[in-house]
Amino acid sequence: MTENRAVVGEAADKISPSGPSPKPKKKICCACPETKRLRDECIVEHGESACTKWIEAHKLCLRSEGFNV
């Protein structure tokens with residue numbers, strides 16, 4: 001029974017006071033390499049203003065990894 005309490009305690013420690021958003025498990029530079037590559041290639045080829053779709057996709061991916069961007 002104490003083992004279950006330890007697991008619950010660990011889960012509670014991971015929840016921030018502002019809400020249940022997960023803490024990032026990796027550095028932001030290493031998160032979401034697929035969307036980062038697509039975003040960067042688009043910006044180099046077409047300019048930032050033409051790549052809002054990929055920029056937003058990368059931000060969404062980073063948020064899903066626990067980053068506040």
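Helices here are DSSP runs of H or I with at least four residues, strands are DSSP runs of E with at least two, and both are numbered from the N terminus. This is a predicted model, so to speak: local features need pLDDT of at least 70, side-chain atom pairs count only at pLDDT 80 or more, and totals for chains, interfaces and linings use all residues. Residues are numbered from 1 along each chain as its sequence is written, and side-chain values use heavy atoms, with hydrogens and water left out.Figure 1. Of its 69 residues, 16% count as buried; buried means under 20% relative accessible area, exposed means over 50%, and partly exposed is what falls in between (1.4 Å probe, protein chains only). The accessible surface comes to about 5,600 Å², and 58% of that belongs to carbon and sulfur atoms. Those areas come from the Shrake-Rupley method with a 1.4 Å probe, and for residues only the protein chains shown count as cover. As for contacts (heavy atoms within 4.5 Å), take those between residues at least 6 apart in sequence: 54% of them join residues at least 24 apart.

**Figure 1. The annotated cysteines in the loop between H1 and H2.** UniProt, in an unreviewed entry, places the feature "binding site" at Cys-29 and Cys-30. UniProt positions are given in the numbering used here, feature names are shortened, and annotations may be inferred rather than shown by experiment. Cys-29 sits in the loop between H1 and H2, and Cys-30 lies in that loop too. Cys-29 is partly exposed, with a relative accessible area of 45%, and Cys-30 also counts as partly exposed, at 48%.

Figure 2. Most residues other than glycine have a negative phi.

**Figure 3. Lys-26 and its contacts.** Lys-26 is placed in the loop between helix H1 (2-14) and helix H2 (33-46). With a relative accessible area of 40%, Lys-26 is partly exposed. Leaving out residues up to four places away in sequence, Lys-26 touches Ala-31, Glu-65 and Phe-67. Lys-26 and Phe-67 are 41 residues apart along the chain, and their C-alpha atoms are separated by 9.7 Å.

**Figure 4. Helix H3 and its two faces.** H3 has 13 residues and reaches 18 Å from its first C-alpha to its last, close to the 18 Å expected at 1.5 Å a residue; the expected span is 1.5 Å times one less than the number of residues. Its buried residues are Ile-55, His-58 and Leu-62. They cover an arc of only 65 degrees around the axis, which puts them on the same side of H3; the arc is that of the directions from the helix axis to the C-beta atoms. H2 is included in what covers these buried residues. The face turned away from the buried side carries the exposed residues Lys-53, Leu-60 and Ser-64. Just after H3, Gly-66 takes a positive phi of about 105 degrees.

**Figure 5. His-58, close up.** His-58 is found in H3 (residues 52-64) and is buried, with a relative accessible area of 5%. Setting aside neighbours within four places in sequence, His-58 is in contact with Ala-31, Cys-32, Thr-35, Lys-36 and Arg-39.
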